[in-house]
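Dear colleague,

Please find below the structure that I am handing over to you. My findings follow it.

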Amino acid sequence: MTHHHFHLDATWNGGRLGEGSISTGNLNTKISIPTELGGPGIGSNPEDMLLGAAATCYLITLAAVLDNRKLPVQRLTLTTQGIVNAEGGMRFEKIIHRPQIVLSSDATEENIETAHKATNRAEKGCMISKALHGNVEVTVEAVVTVE
């Protein structure tokens, strides 16, 4: 069995309204509680990073799925929304991926249908989505168009 190990180093200065930093791979950033949750909003925060991890994993997985199906993709973009429920304690409740796939002008109806299926397949294949499964609802609202 092959295991891959990832490491993160972190520092923190101050109390709840303090700030810190993290360093992992190519990610080096300051961190604090976001202003939306009453913090100073310095650098990044756990909510941004969870959303970033989910979106990045989904986007890379989607690109791979589309490529494997040899679809004529001209452009692939993504917006992702995270919803935190503050009732009864903070809880990351839902992530919504909204991919937009633009296929080349020679795309067929079958290509369009395959691209739509790929958007859901990518969510099921994404390692971060799998890690969140059962704790955070992850949905996909895709738009596929032809150039």
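The notes below go from the overall picture to individual residues.

This is a predicted model, in which local features need pLDDT of at least 70 and side-chain atom pairs count only at pLDDT 80 or more, while totals for chains, interfaces and linings use all residues. Residues are numbered from 1 along each chain as its sequence is written, and side-chain values use heavy atoms, with hydrogens and water left out.

Overall architecture

The secondary structure comprises 3 helices and 7 strands, where helices (H or I, at least four residues) and strands (E, at least two) are DSSP runs numbered from the N terminus. Their order from the N terminus is β-β-β-α-β-β-α-α-β-β. The C-alpha trace spans about 60 × 40 × 30 Å along its principal axes. Of the 147 residues, 29% are buried; buried means under 20% relative accessible area, exposed over 50%, and partly exposed in between, with a 1.4 Å probe and protein chains only. The accessible surface comes to about 9400 Å², and carbon and sulfur atoms account for 52% of that surface. Accessible areas come from the Shrake-Rupley method with a 1.4 Å probe, and for residues only the protein chains shown count as cover. Among contacts (heavy atoms within 4.5 Å) with a separation of 6 or more, 49% are between residues 24 or more positions apart.

Salt bridges

The structure holds 5 salt bridges, each defined as a side-chain nitrogen of Lys or Arg within 4 Å of a carboxyl oxygen of Asp or Glu. One of them joins arginine 75 and glutamate 147 at 3.8 Å, N to O. Arginine 75 lies in strand 4 and glutamate 147 in the segment after strand 7 (143-146), so this pair ties together parts that are 72 residues apart in sequence. Arginine 75 is partly exposed at 44% relative accessibility, whereas glutamate 147 is exposed at 53%.

A second pair consists of glutamate 137 and lysine 94, at 3.9 Å, N to O. This bridge links distant parts of the chain, 43 residues apart: glutamate 137 belongs to strand 6 (residues 137-140) and lysine 94 to strand 5 (residues 91-103). Both residues are partly exposed, glutamate 137 at 43% and lysine 94 at 21%.

Within helix 2 (residues 109-125), glutamate 113 and lysine 117 are 4 residues apart, about one helical turn. Their side chains form a salt bridge at 3.1 Å, N to O. Glutamate 113 is partly exposed at 47%, and lysine 117 is exposed at 55%.

Alanine 115 lies in helix 2 and is buried, with a relative accessible area of 0%. Asparagine 111 is likewise in helix 2 and buried, at 18%.

Positive patch

Arg69, Arg121, Lys124 and Lys130 form a positive surface patch. Patches are made of residues with over 30% relative accessible area and no salt bridge, like charges being joined within 9 Å and nonpolar side chains (Val, Leu, Ile, Met, Phe, Trp, Tyr) within 5 Å. Lys and Arg count as positive, and the place of a charge is NZ of Lys or CZ of Arg. Arginine 69 sits in the loop between helix 1 (46-68) and strand 4 (73-85) and is partly exposed at 39%.

With kind regards
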